[in-house]
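Hello,

Here is the structure I promised to pass on to you. Please have a look at it first, and then read my notes below.

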Amino acid sequence: MSQFEEAVQRSKNLSQRPSNEELLKLYALYKQASEGDATGDRPGGFDFKAIAKYDAWKEQSGKSKEDATQEYISFVDELHQKYS
């Protein structure tokens with residue numbers, strides 16, 4: 001299992017739920033690391049959760065998958081220190 005896959009598993013086993021901002025950052029870094037830059041149209045209407053997730057991912061645009069992967073792993077480590 002890669003460090004990234006381990007971090008993904010560890011992110012699901014935190015003792016407390018991270019803040020919404022932290023969850024958005026986790027989501028955005030995960031998407032950037034696994035898929036690269038955000039694609040498709042920004043969600044519309046009143047689906048505020050989908051809009052926030054898309055916007056967070058879009059903010060990571062231009063970051064390489066390798067950089068996003070390392071940042072994701074480091075962020076999961078931070079969350080484990082904070083919520084353990």
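How far apart are the mean positions of the 12 positive and 15 negative charges of the chain? They lie 5 Å apart. Lys and Arg were counted as positive and Asp and Glu as negative, with His and the chain ends not counted. Each charge was placed at NZ of Lys, CZ of Arg, CG of Asp or CD of Glu.

Before the rest, a word on where this comes from. This is a predicted model, in which local features need pLDDT of at least 70 and side-chain atom pairs count only at pLDDT 80 or more, while totals for chains, interfaces and linings use all residues. Residues are numbered from 1 along each chain as its sequence is written, and side-chain values use heavy atoms, with hydrogens and water left out.

Now the overall picture. The chain has 4 helices and 0 strands, in the order α-α-α-α from the N terminus. Both kinds of element are DSSP runs numbered from the N terminus: helices are H or I with at least four residues, strands are E with at least two. For 84 residues, a compact globule would have a radius of gyration near 12 Å, and the 13 Å of the chain agrees with that. (The radius is taken over C-alpha atoms, and the globule rule is 2.2 Å times the number of residues to the power 0.38.) Along the principal axes, the C-alpha atoms fill a box of roughly 35 × 25 × 15 Å.

Of the 84 residues, 35% count as buried. Buried means under 20% relative accessible area, exposed means over 50%, and partly exposed is in between, with a 1.4 Å probe and protein chains only. The chain exposes about 5500 Å², and carbon and sulfur atoms supply 47% of this area; the areas come from the Shrake-Rupley method with a 1.4 Å probe. Among contacts (heavy atoms within 4.5 Å) with a separation of 6 or more, 73% join residues 24 or more positions apart.

Next, the salt bridges. The whole structure holds 5 of them, each being a side-chain nitrogen of Lys or Arg within 4 Å of a carboxyl oxygen of Asp or Glu. One of them pairs R10 with D77, with the closest N and O atoms 2.6 Å apart. This pair links distant parts of the chain, since R10 sits in helix α1 (residues 3–11) and D77 in helix α4 (residues 65–83), 67 residues apart. R10 is partly exposed at 31%, and D77 is partly exposed at 32%.

H80 is also in helix α4. Leaving out residues up to four places away in sequence, H80 touches R10, S11, N13 and L14. H80 is buried, with a relative accessible area of 16%.

In helix α2 (residues 20–35), E35 and K31 are 4 residues apart, or about one helical turn. They form a salt bridge with a closest N to O distance of 2.7 Å. E35 is partly exposed at 44%, whereas K31 counts as buried at 14%. Another salt bridge joins E71 and K63, at 2.7 Å from N to O; E71 is partly exposed at 29%, and K63 is partly exposed at 23%.

Finally, helix α3 (residues 48–58) has the buried residues I51, Y54, A56 and W57. Their cover includes α2.

Best wishes
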